[in-house]
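Please work through the following exercises with the sequence and the model side by side, trying each task before reading its solution.

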Amino acid sequence: MSDVEPRIRAAWQEWLNALGSDPEAAIAAAQVYGALSSDGRDAWLTALEEDGPSLGVPKVALYAPLLSVEVDPARIERIRRGMESDGPVVSMRHTVALRGVARDKSRIAALIAPLYADFVQVLWCSYRTHTGFDWVRLDSIQRAASAPRAGDRAEGIVLEATPLKLVVEELALAILAQRRRGHEIPDSMVGFANLFDAKIDADTGS
Amino acid sequence: MISFRVDVDPREVVFIKSLVEASEGIASIFADHGGCLTFATPAARRSALVELLDDLVAHHGARVEALDSADDPIHGGGR
């Protein structure tokens, strides 16, 4: 954006600054980005890469809204690289786990990790510890107020607050079972990169 | 009691520790340094532990050395 008219560039940067603290701006960013063409999205990312370093806004605030609407693998990877340039996006230390167990022993878990301001990231997993994953979904960014809570239902199963360590241990078993079947780990789970962060050891009570 | 030394990528340590702790009573695990781990288990649980170690070798690039047997690194002894 080096050849952009200064007033327009200032307005753009002011709007980017708002992403760090204004939930409405972040939601609007996702909507606007989602409506752009492929070339427009590439240009947006290029502009973020140029202007982001000079702003006092966490990178996750600039990129996370885009991740919620992007489906192109190459741009998703570009967004992830941008988000993680500040370091790990999600802290497992403050992540909360909900889990429900169905009658057939299959499980649904939601790991809710604070991102910034009023936003959280939610990793949903439907799994069986001895066969692997039925499905995995990553909600890259959503309002904390709309995140799942204990007592909510997912696919008819009541979610209960569960120690994070217990859920992570079950997910480890499911990953092992998945690999035994010769299947890859779902991409969405890889996006929740700090799932097996060493800090979880100090988090047995959450 | 039998034991194995297991070397893994240090980033895999928490994952592997989670696996062992979720596999009730399969072994005790001790972190020596970095990605160097020691697994210990009663002889009666050897086959279950070896099955897990096979998976770690196949899917996680682990290197395993039996500390109580001079023959085959993983499969030595009473499997």
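**Exercise 1.** In which loop of chain A does Glu155(A) lie?

*Solution.* Glu155(A) lies in the loop between strand 5 (153–154) and strand 6 (157–158) of chain A, where strands are DSSP runs of E of at least two residues and helices are runs of H or I of at least four, numbered from the N terminus. This is a predicted model, in which local features need pLDDT of at least 70 and side-chain atom pairs count only at pLDDT 80 or more, whereas totals for chains, interfaces and linings use all residues. Residues are numbered from 1 along each chain as its sequence is written, chains are lettered from A and ligands numbered from 1 in the order in which they are written, and side-chain values use heavy atoms, with hydrogens and water left out.

Next, consider the backbone: phi of Glu155(A) is near 50 degrees, a positive value in a residue other than glycine. Finally, Glu155(A) counts as exposed because its relative accessibility is 60% (exposed is over 50%, buried under 20%, partly exposed in between, with a 1.4 Å probe and protein chains only).

**Exercise 2.** Characterise the interface between chain B and chain A.

*Solution.* Begin with the contacts: 13 residues of chain B touch 14 residues of chain A, contact meaning heavy atoms within 4.5 Å. The area buried between the two chains is about 1,200 Å², with 64% from carbon and sulfur atoms; buried area is the accessible area (1.4 Å probe) that two parts lose on being put together, summed over both. Val14(B), Phe15(B) and His59(B) supply 37% of the area that chain B buries against chain A, more than any other three residues.

Then turn to charge: there are two salt bridges between the chains, each a side-chain nitrogen of Lys or Arg within 4 Å of a carboxyl oxygen of Asp or Glu. One of them joins the side chains of Glu21(B) and Lys165(A) at 2.4 Å, N to O.
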